[in-house]
Amino acid sequence: MTEPSLHINLGGLAMKNPVTVASGTFGYGSEYGHYFDVSLLGAVTVKSLSLKPRPGNRPPRISETPAGMLNAIGLQNVGIDVYLKEKLPYLREKNCTIIANIYGYSPEEYAELAQRLEKEGGADALEANLSCPNVHDAKNTCGPALVAQSPQRVKEYTETIRAATSLPLYIKLSPNVADIREPALAAQEGGADAVALINTLLGMNIDVETRKPCLSNIVGGLSGPAIRPVAVKMVWDAARVLNIPVLGMGGIYTADDAIQFLLAGATAVAVGCASFRRPDAALQVIRGMRDYCIRHGIEDIQKLTGALRLQ
Amino acid sequence: MIHLLDCKVLSNDEVAPGHRRLVLDGKAIAEDTCAGQFCMLESSPGLQPFLRRPMSIERFGGDSFSVLYKIVGEGTRLLGRIQPGDTVNVQGPLGNGFSIPKEFKRYILVGGGIGIAPLPGLAQALIRETGTPPEVILAARSRDILLCQEDFTRMNCPVFLVTDDGSAGMHGFASNALEARKPDKNTLVYTCGPMIMMGAVHRICMENGSRCQASLEANMACGDGVCMGCVVETTLQEEFRRMVRVCHEGPVFDSRDIRWNTGTPAHD
């Protein structure tokens, strides 16, 4: 059969295949350049950028869990200035499609980041991280007040960022909510071009010998294959009520995992901490998705989005 | 250059109770390794454990390289069952190894427990660079887990043993043995072992005007500078140097840059 088309369009961003990487699991792209040609990805999503560099949380920051890991990095990043000056040239030179993940302390900070990235050519699309569980006061065990936990605030933040940029805008949502459809619809109403879900699930790990929490932040965000069924279900929930596309992520390790997200309604997917285990995981996912299309006689991968069979 | 290779297991023998040496066929990694670098090993082809295990590269050269490990958790228990002829996926060599400045008159290696692993390779490099075998302090809880002793004696290194329980050599800690060797301002100490031991070694070095390079251990997810999970706190003032990655800026640091009263627990 003819080569299947893997091209998709994610809320105004043309991607040569539906696979990007989850912010924070792929650095700024160049880190993985010695394992494979990162321009083969549908897009490179960079580590969260803030206006100022952030030192992040105190160690220990990671803890292994069954088929996954907890992290409480705290958005350690170089800041937008260093990104534009030192990190961006590599991605542009490689001709990568770039999704910049942004993090701010207020809607205005997000708007400023969006404006600067658009003006200085620092991104082809933006992903606003309204859902990091490891900043603010994550020691509040009632759950930190994430923007993504309040549909009203999601809408306000989205509107403010939307007004500041014409780049495709994705809102990254948290699974730590009772009903994912509410923040997803709020993002859509606010003018988002897509929603990205899920961020990590809040979790906790305890060393019973020392009786201490395994993370200095006490709680952290759970990722890895362990969370995949939760993520697929949330994509399924959100995609059915939205008119905008979904960028699905959470525990993708193989092409079959990624196909599950498409069938549940995602238009594109992000490979996350699988890259830590297998630096070329995202590339293998792309290859496997192509093979799946050939095996199933699918000429255009877009036909898989929402193609779940219920009968 | 960093490689991602399926390596054939040549041997996986017990070297002391609960400690093994895994020898792997991997010319590319063996050729590109410098003393003090590490690799990330898959302890299982499945998803459990999910993360690779960071391990110091012990011996390297020719077509093969080895790692020394202590069985403490699920990952190392699975590694312990690997048989010759099996394959293990390895990413490496990673990180910055030891550096060998020539201006010192004495070089002392201080290894504690399984932390001895990168030091025979360093001794070899020191002999090559300086022409003199370095002094070696080998520390362990008890005599049966004093590792690599024969490697150092074969290289004609003066070896000083110290055990917590006094079952071999001096009765005490690595830092006591170092103090007894009277390091001075012309001494460069290299150390690898438990954080508490390296902190004490650092203190002895500072008291005697010696310099010290310490090879740190940390839990890691990626091993390659991406996840920001393995950071340690530094004494450096610049905002974004307050936390440095053991995998990327390290694992070997000038001991003065590390904030020794905090640290990360050892990996299983």
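Chain B is divided into domain 1 (3-94) and domain 2 (106-257), with bounds that come from an automatic or database domain assignment. Before going further, keep in mind that this is a predicted model: local features need pLDDT of at least 70, side-chain atom pairs count only at pLDDT 80 or more, and totals for chains, interfaces and linings use all residues. Residues are numbered from 1 along each chain as its sequence is written, while chains are lettered from A and ligands numbered from 1 in the order in which they are written.

Back to the two domains of chain B. The C-alpha centres of domain 1 of chain B and domain 2 of chain B sit 21 Å apart. Their contact takes 22 residues from domain 1 of chain B and 18 residues from domain 2 of chain B; two residues are in contact if their C-beta atoms, placed from the backbone, lie within 7 Å. On the side of domain 1 of chain B that touches domain 2 of chain B, the elements giving two or more residues are strand S1 (3-16), S3, S4, strand S6 (64-70) and strand S7 (87-94) of chain B. Helices (H or I, at least four residues) and strands (E, at least two) are DSSP runs, numbered from the N terminus. S6(B) supplies the largest share of that side, 4 residues. By class, the side has 14 nonpolar, 4 polar and 4 charged residues. Here Ala, Val, Leu, Ile, Met, Phe, Trp, Tyr, Cys and Pro count as nonpolar, Asp, Glu, Lys and Arg as charged, and the others, Gly among them, as polar.

Now for a sheet in chain B. It is open, has 7 strands in the order S4-S3-S7-S1-S2-S6-S5 (chain B), and its pairing is antiparallel; two strands pair if DSSP finds at least two bridges between them. Strand S4 (53-56) and strand S5 (60-61) of chain B stand at the edges with a single partner strand each, so one side of each has no neighbour in the sheet. S4(B) is joined by 4 bridges to strand S3 (residues 38-41) of chain B, and the two run antiparallel. Look for Met40(B), which stands opposite Pro54(B) in S4(B).

Further along chain B, S12(B) and S13(B) pair in the parallel sense over 5 bridges, and Leu188(B) has Arg211(B) in S13(B) as its bridge partner. Strand S13 (residues 211-215) of chain B is mostly covered, with 4 of its 5 residues buried. A residue is buried if 20 or more other C-beta atoms lie within 10 Å of its own, exposed if 12 or fewer, and partly exposed in between, with C-beta atoms placed from the backbone. Lys182(B), by contrast, lies in the loop between helix H5 (174-180) and strand S12 (187-192) of chain B. Lys182(B) counts as exposed because it has 10 C-beta neighbours inside 10 Å.

Stepping back, chain B comes to 6 helices and 16 strands. Its radius of gyration is 18 Å, close to the 18 Å that the globule rule gives for 268 residues, so chain B is as compact as a globular protein of that length. That radius is taken over C-alpha atoms, and the rule is 2.2 Å times the number of residues to the power 0.38. Buried residues make up 51% of the 268 residues in chain B.

Over to chain A, where 8 strands form an open sheet in the order S3-S16-S15-S10-S9-S8-S7-S4 (chain A), with parallel pairing. At its edges are strand S3 (19-21) and strand S4 (44-49) of chain A, each pairing on one side only. Inside the order, strand S8 (residues 125-129) and strand S9 (residues 169-172) of chain A pair in the parallel sense over 4 bridges, and Asn129(A) stands opposite Lys172(A) in S9(A).

Leu117(A) lies in helix H2 (residues 107-119) of chain A. With 24 C-beta neighbours inside 10 Å, Leu117(A) counts as buried. Not counting residues up to four places away in sequence, Leu117(A) touches Ala100(A), Gly122(A), Ala123(A) and Leu126(A).

Finally, the two chains meet: 29 residues of chain A are in contact with 27 residues of chain B. On the chain A side, the largest share, 3 residues, comes from S6(A). The residues of that side divide into 16 nonpolar, 8 polar and 5 charged.
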